[in-house]
Amino acid sequence: MEVDDVSVREQLFHNRVRETFICVLLFTCLYILSYLILTHFKKNADYVTDDIEDATANKIALWLCTFTLSVAVCAVLLLPISILSNEVLLIFPHSYYMQWLNGSLIHGLWNLVFLFSNLSLVFLMPFAYFFTESEGFVGCKKGVMARVYETAVVLLLLTLLVLGMVWVFVALLNNHSARESLYDMWEYYLPYLYSAISLCGVLLLLLCTPFGLSRMFSVTGSLLVKPRLLENVEVEMNCAAFEEASLSRALNRGSTACWVSVNVEPLRTQFLGVQAKRIALEMRRRASPWQRNLFYPLAMLLLLALTVACVLMVCFHVLELLFDETAMPSGMRDPRLGTASFSMFGSLGAAVQVVLILYLMVSSVVGFYSSPLFTSLLPRSQDTNLTQIIGNCVSLLVLSSALPVFSRTLGITRFDLLGDFGRYNWLGNFHIVFLYNILFAGLTSACLINTLTWAVQGELIRAFGLHKLPLTVSRTTIPLKLLLANGLSKIQ
């Protein structure tokens, strides 16, 4: 009997060590990837200043931002890893090499992501911001530790302020829960705080994702080479070369004349932009006919198919909500992986779910940076200051940590939420979930239809030469019916 107990304890110990090693290895890889991304966008002048104290503070803040970004990337991969792990265990149920892939590992990964995401949002990112802005208390010796003390005091006051506001909000909703929360903060304070943060993230995804789905067409079109029917690269490159030569002559005159030396710097910036545009156009001109005539239509059709698939799945989920109680998002305490597929189409359906989840995340990021409110946060290569990096990391973490709840609420997957992700109070409200699905389907359909109609009208305007008119051509001045009638008359 004692031998059996020892063997069981040894097995549990080895399982825990293995799961810890896998989580550390995964997070280390994501940390290195995040650090490479941030070093590509950071402004090097902030880290090589003459003030050693400022440079050290900026480096510490950059390490905290790297940690936050790696947690955000891990949160994006939570659902894909869980769905693919379940399918792998279904295909290889008794494989010796797949014994490390189990429900305990996946459940622990969800708990770690939940813990680190809230730790980054509540403590690390505010600490990084206040740490870079602090200088130490008046009368104290200057240094890094003086900044740490001031930041700790400011962060403590901010924490008390936030907790007080949450307690007042809970007291307005439910006085009994508010009284109990004074004695049991873990059971009442933190669930409300987590629910509020997750609800903000899910609402932000609701606003950014439909707009991002429509913007994906234009963003992808700018990266690919369009067919010659839709774009004349030769004319654009000649215009860019002419503009570059004109700016070059202006720079040469400005460098020799003292009275125009003030305008040299804006001209140099404009010259560099035009030169980069000309180089990009030359690369697009050298593209093969396969890239021009095949890749662009296939990419547009793929984006359209993914967007339509998302809308159809959400519409189907709306019907499920009306007739099936299990369609509501809920938490799952014991993930039994390898028992059944989470898609009615098997492994193929699970692969489609993973692709759609990642596509929705990319679309939400595109929509976030394309919106007028957050355009200023758009990072630039080697020209992003530390405050913008902190803002970007916080925004990406809010979006990515809400992605599992977002995907399960819309019915993109039937994989239930693990750990504390399923403890959000608003997930059990049928009216909120149903209205959320209706709004997403309506907003996405409206944005998609608007994008397609604008694209068709723009191509008709260019085809008939109306873009060369001196007046601004808009939808109100030239209706779509008039364009079609003009086109038919030209054909006849």
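Student: At roughly what angle do the axes of helix α3 and helix α4 cross?

Tutor: This is a predicted model, in which local features need pLDDT of at least 70, side-chain atom pairs count only at pLDDT 80 or more, and totals for chains, interfaces and linings use all residues. Residues are numbered from 1 along each chain as its sequence is written, and side-chain values use heavy atoms, with hydrogens and water left out. Helix α3 spans residues 78–91 and helix α4 residues 103–133; helices are DSSP runs of H or I with at least four residues, numbered from the N terminus. Their axes, lines fitted to C-alpha atoms over the stretch in contact, come within 11 Å and cross at roughly 175°.

Student: How are α3 and α4 therefore oriented to each other?

Tutor: Angles run from 0 to 180 degrees between N-to-C directions, and those over 145 count as roughly antiparallel. The contact (heavy atoms within 4.5 Å) includes Leu78 and Ser85 of α3 and Trp110 of α4. The two helices, α3 and α4, are therefore roughly antiparallel.

Student: Is Leu223 buried or exposed?

Tutor: Leu223 is found in helix α7, residues 185–223. Buried means under 20% relative accessible area, exposed over 50%, and partly exposed in between, with a 1.4 Å probe and protein chains only. Because its relative accessible area is 69%, Leu223 is exposed.

Student: What distance separates the C-alpha atoms of Leu223 and Tyr296?

Tutor: Leu223 and Tyr296 are 73 residues apart along the chain. Their C-alpha atoms are separated by 9.5 Å.

Student: What percentage of the residues of the protein chain count as buried?

Tutor: The protein chain has 492 residues. Of these, the buried share is 40%.

Conventions: Parallel < 35°, antiparallel > 145°, perpendicular 65-115°, else oblique.
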